[in-house]
Amino acid sequence: MAHRRALVAVSAVQLAAGLGGQVVALRRRRAYDTPFMGGSPDAVGRDSLVLGTALSAPVTMLIAQAWGTARLAGGPDERARAVLLALSTVMVPGYLLERLCRARLTPGGADAVETPLVATGLAGAVAMALLARPGQPAAVRP
């Protein structure tokens, strides 16, 4: 039970960082920029739905995370745990591949608003991935 609660709490904090990142990225027009592809500041709003922003996962992932967190908060749920594991497993490399996120985690690139969002989001994604692994005590069972 305590393990499930920890996963719910970590996911909620990570989700808050993702939502905050979404708002800041939209206001500051921070388009996603990875080694494989990048967005345009003019299309941040549209891209945020499916591709994400420089500071957050896509809205579709945030909705799935909110669903999984709420379901797991209500009680043991294998499907919700699996969703949170899948999302966090994608988020960790997503944060690390994002050029602005890497810059915000360096001393020379720190920003009073963006750095805490990135650090919290990345740390939360790592913790979610660890807590949501199959076979964790009480993650699924009552």
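Start by selecting Ser88, which is found in helix α4; helices here are DSSP runs of H or I with at least four residues, and strands are E runs of at least two, numbered from the N terminus. This is a predicted model, in which local features need pLDDT of at least 70 and side-chain atom pairs count only at pLDDT 80 or more, while totals for chains, interfaces and linings use all residues. Residues are numbered from 1 along each chain as its sequence is written, and side-chain values use heavy atoms, with hydrogens and water left out.

With Ser88 still selected, colour by accessibility: at 0% relative accessibility Ser88 counts as buried, where buried means under 20% relative accessible area, exposed over 50%, and partly exposed in between, with a 1.4 Å probe and protein chains only. Not counting residues up to four places away in sequence, Ser88 touches Ala125, Met128 and Ala129, a contact being heavy atoms within 4.5 Å. If you draw a C-alpha to C-alpha distance from Ser88 to Ala125, it reads 4.9 Å, although the two are 37 residues apart in sequence. The side chain of Ser88 also reaches the backbone oxygen of Leu85 at 3.0 Å; a polar contact of this kind is a pair of N or O atoms within 3.5 Å, where within protein one must be able to donate a hydrogen and the other to accept it, and residues adjacent in sequence count only if both atoms are side-chain atoms.

Next, select Leu7, Leu55, Leu72, Met91 and Tyr95, which touch the most other members of the largest nonpolar core, a set of 27 residues. Such a core is a set of buried Ala, Val, Leu, Ile, Met, Phe, Trp, Tyr and Cys residues joined through side-chain atoms within 4.5 Å. At least two residues of this core come from each of α1 (2-28), α3 (59-74), α4 (78-97), α5 (99-104) and α6 (114-131), and the largest share, seven residues, comes from α4. In soluble globular proteins, nonpolar side chains tend to be buried together. Centre the view on Tyr95, which, leaving aside its neighbours within four places in sequence, is in contact with Gln14, Leu55, Cys101, Val118, Gly121 and Leu122.

From there, move to Leu96, which also lies in helix α4 and is partly exposed, with a relative accessible area of 46%. Leu96 touches Arg102 and Leu122, not counting residues up to four places away in sequence, and its C-alpha atom is separated by 9.1 Å from that of Thr34, 62 residues apart along the chain.

Now turn to the charged side chains, where a search of the whole structure finds nine salt bridges, each defined as a side-chain nitrogen of Lys or Arg within 4 Å of a carboxyl oxygen of Asp or Glu. Select Asp33 and Arg99, whose closest N and O atoms are 2.8 Å apart. Asp33 is partly exposed at 28% relative accessible area, and Arg99 is partly exposed at 40%.

Within helix α4, pick Arg81 and Glu78, whose side chains meet in a salt bridge at 2.4 Å, N to O; being three residues apart in that helix, Arg81 and Glu78 are separated by about one helical turn. Arg81 counts as buried at 4% relative accessibility, whereas Glu78 counts as partly exposed at 39%.

Then select Arg104 and Glu114, which form a salt bridge with their closest N and O atoms 2.6 Å apart. Arg104 lies in helix α5 and Glu114 in helix α6, so the pair ties together parts that are 10 residues apart in sequence, and both residues are buried. Extending the selection to Arg28, Arg30 and Asp111 shows the network of salt bridges that links them with Arg104 and Glu114.

Finish at Leu51, in the loop between α2 (44-50) and α3, which is partly exposed with a relative accessible area of 40%.
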